[in-house]
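Please keep the sequence and the 3D view open while reading.

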Amino acid sequence: MIDHNLIASATGSRGENLNGTLTVGQNLNSRRYRSLSGQGEGLIAPVPLAIENTVSQTGLEFKSLRHIESYFGQGELNLYNQLYLSAGVRNDGFSTFGASQRRHNFYKASAAWTVSNLLDGGDQTGLLSFAKLRAAYGETGREPDVYAALNALSTIVQFGSGYGDALKSSIGGVPGITSSTRFGNPALRPELQREVEFGGDFGFLNQKADLSVVGYNKKSSDVILPITVNSGSTGFLSAFQNAGALSNKGVELTLNVRPFTTQNLAWEVGVQYGRNKGNVTNLGGAEIFDLLEGFGASEAEGADVLGYAPGVIIGTAFVHCGRGTQSTVPGIAGGLVSQDIDALCAATPGGYKNGALFLAPNGLPITDPQVRVLGDPHPRYTMSYTSSLKIRNRVTLSGLLDVRKGGDVYNGTRGALYVFGTHVDTDRRSTQGQYGVNYDTKRYPDVAGPGAGVVGLKTPQDWENWMSIVGTGGGFSGPSEQFMEDGSFAKLRELSLTFSLDQPFVKNLTGFSSLDFRVSGRDLKTWTNYRGVDPEVNNAGSEYLTQGLDWFANPQTRSFVISFSLNR
């Protein structure tokens with residue numbers, strides 16, 4: 001990577017009450033990437049698992065080059081040491097932008113008013129010892145993938161199932177090239193994110209307590225999505241388009257209190273609260289956009305869905321009352337004629353609740369083949385509690401407790417263990433199980449339909465059939481809805497104890513002014529009703545949009561650290 005920055009700034013003032021700064025600059029950036037890999041097909045012998053032990057080998061190479069040319073400017077004003085104004089603009093030109101959309105502007109502006117400087121001259125004393133109000137607006141962009149705006153030919157595009165039947169561009173020793181399956185878009189623009197933020201910072205009781213309040217509204221437009229195109233007329237399967245839009249609104253609160261601050265004892269307590277609400281508002285005409293993060297839409301998959309937060313979990317569910325479902329029902333008309341599920345629910349003695357689990361005459365639920373939103377992995381809110389106690393400036397004890405309320409998790413591990421017969425729930429195979437009475441009542445408290453009141457699981461063989469690899473109650477063939485769980489938790493994230501030594505002998509022995517010895521532990525304890533190992537696990541990793549997909553994933557590691565620090 002080559003990066004070049006040229007910056008010029010000028011400052012000026014009109015007395016003590018007006019100060020200003022103007023900054024302009026240029027940025028040039030060039031990023032070159034190259035990757036080499038090898039691929040082999042068809043093992044000659046069972047071992048070793050090496051490319052040399054394959055029938056055919058193919059060398060793969062990928063290279064990319066991106067150029068960026070940017071110009072920017074920003075102005076700042078300080079009025080009466082209490083009102084601060086700034087505004088700026090950045091013009092970016094990326095080689096990854098479409099040929100007709102090479103350059104784009106991004107704007108920002110902010111204002112802050114330190115009210116306490118007007119009230120008390122800035123001495124930060126009294127009941128309201130500090131107060132600042134602030135507002136900001138900013139725009140940022142996200143560049144398209146490299147070469148997404150171009151149409152190019154390739155020798156490595158393959159067609160097939162992935163199990164050794166690949167159709168390559170070169171066949172029988174005759175070389176060939178083919179186009180990509182994705183159509184390049186010469187009008188591709190960067191994704192645009194606009195954010196408005198309002199907030200305030202306050203200090204109380206001679207700064208013994210401080211409070212920060214922030215509210216924000218982020219809107220993303222021109223989100224780049226691979227939209228399906230007519231392959232018959234274009235020769236391509238999809239094309240990148242600026243088709244998506246979404247929003248995120250939220251609030252963040254931070255409160256710090258210092259009850260004791262003396263030479264021998266200092267205690268500080270802090271609380272942080274955060275809440276975010278996301279909403280997908282446009283998917284280029286589609287209702288659901290599969291993010292391909294998970295195990296497939298028939299099981300549990302991450303997706304963007306209109307009207308929901310980005311990255312919700314979709315999959316299949318059981319049939320429920322009140323959804324207008326038409327479905328065949330085992331035990332009614334030979335299971336061949338589609339039935340009005342709501343009408344069958346209405347015939348339940350005593351009536352039914354909307355959303356109740358529908359039970360067939362055999363007392364068991366049936367699968368609804370329609371893919372639905374099963375849960376939102378994002379928490380309703382998060383909180384953190386911190387505390388730090390310092391004694392005689394020698395010993396510091398601190399701790400951090402993290403809390404997450406809400407957030408759904410797909411416990412695919414539990415579903416798989418049902419099939420294997422090794423989950424603790426399968427120990428009850430010698431007892432009877434009845435939906436709505438003594439089986440899965442937390443997930444399905446209300447039931448209706450002709451099977452309400454019928455014991456569906458009577459014998460060990462019934463349990464085995466229900467949870468088998470082809471059974472509706474297992475994790476391989478059954479609806480993933482039954483393995484969705486609440487991922488709320490409280491975690492003792494960290495405890496630490498620090499000893500500080502600054503006596504003369506430290507400098508005489510080491511030449512440094514002080515020595516810090518610290519012992520800490522992380523992820524020490526978790527309190528949760530989640531039935532898996534850890535509600536924070538995610539198969540795709542934390543960098544993916546969709547969280548809450550648990551399939552034999554490793555939990556957060558508990559760690560203990562001992563460290564020494566020498567300070568000059």
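In what sense do β14 and strand β15 pair, and over how many bridges? The two strands are antiparallel and share 5 bridges. The model is a predicted one.

## The four-stranded open sheet

β14 and β15 belong to an open sheet of 4 strands, ordered β14-β15-β16-β20 and paired in the antiparallel sense. At the edges stand β14 (288-294) and β20 (367-375); each has a single partner strand, so one side of each lacks a neighbour in the sheet. From one strand to the next the twist averages 45°.

β3 pairs with strand β4 (residues 83-94) in the antiparallel sense, over 12 bridges. In this pairing Phe72 has Arg90 of β4 opposite. The two strands make a hairpin with 3 residues between them, and Tyr80 in the turn has a positive phi of about 55°.

β4 is also joined to β5 by 11 bridges, and these strands run antiparallel. Here Leu85 has Ala111 of β5 opposite. In general, side chains in a regular strand alternate between the two faces of the sheet.

## Salt bridges that involve β3

The whole structure contains 24 salt bridges. One of them joins the side chains of Arg66 and Glu143, at 3.5 Å from N to O. Arg66 is in strand β3 (residues 54-79), while Glu143 is in the loop between β6 (128-142) and β7 (153-154); the pair links distant parts of the chain, 77 residues apart. How accessible are the two partners? Arg66 has a relative accessible area of 21% and is therefore partly exposed. Glu143, at 18%, counts as buried, because the limit for buried is under 20%.

Another salt bridge is formed by the side chains of Glu69 and Arg103, at 3.0 Å from N to O. Glu69 lies in strand β3 and Arg103 in strand β5 (residues 103-114), so this pair ties together parts that are 34 residues apart in sequence. Glu69 is partly exposed, with a relative accessible area of 30%. Arg103 is partly exposed as well, at 36% relative accessibility.

## A loop-to-loop salt bridge and a network

Asp425 forms a salt bridge with Arg531, and their closest N and O atoms are 2.4 Å apart. Asp425 sits in the loop between α4 (412-420) and β24 (447-448), and Arg531 in the loop between β27 (514-528) and β28 (549-550), so the pair ties together parts 106 residues apart in sequence.

A network of salt bridges links Asp402, Lys491, Arg493, Asp523, Asp534 and Glu536.

## The surroundings of Glu191

Glu191 lies in strand β10 (residues 191-204). Its relative accessibility is 9%, so Glu191 counts as buried. What does the side chain of Glu191 reach at 2.9 Å? It reaches the backbone nitrogen of Ile224.

Apart from neighbours within four places in sequence, the residues in contact with Glu191 are Thr140, Gly141, Arg142, Ser221, Asp222, Val223 and Ile224.

Terms used:
Residues numbered from 1 in each chain as written. Predicted model: local features only at pLDDT ≥ 70, side-chain atom pairs only at ≥ 80, totals over all residues. Heavy atoms only, no water. Buried < 20%, exposed > 50% of the residue type's maximum accessible area, 1.4 Å probe, protein only. Polar contact = N/O pair within 3.5 Å; in protein donor to acceptor, adjacent residues only side chain to side chain. Contact = heavy atoms within 4.5 Å. Pairing = 2+ DSSP bridges. Axes fitted to C-alpha atoms, helices over the stretch in contact; angles between N-to-C directions. Salt bridge = Lys/Arg side-chain N within 4 Å of Asp/Glu carboxyl O.
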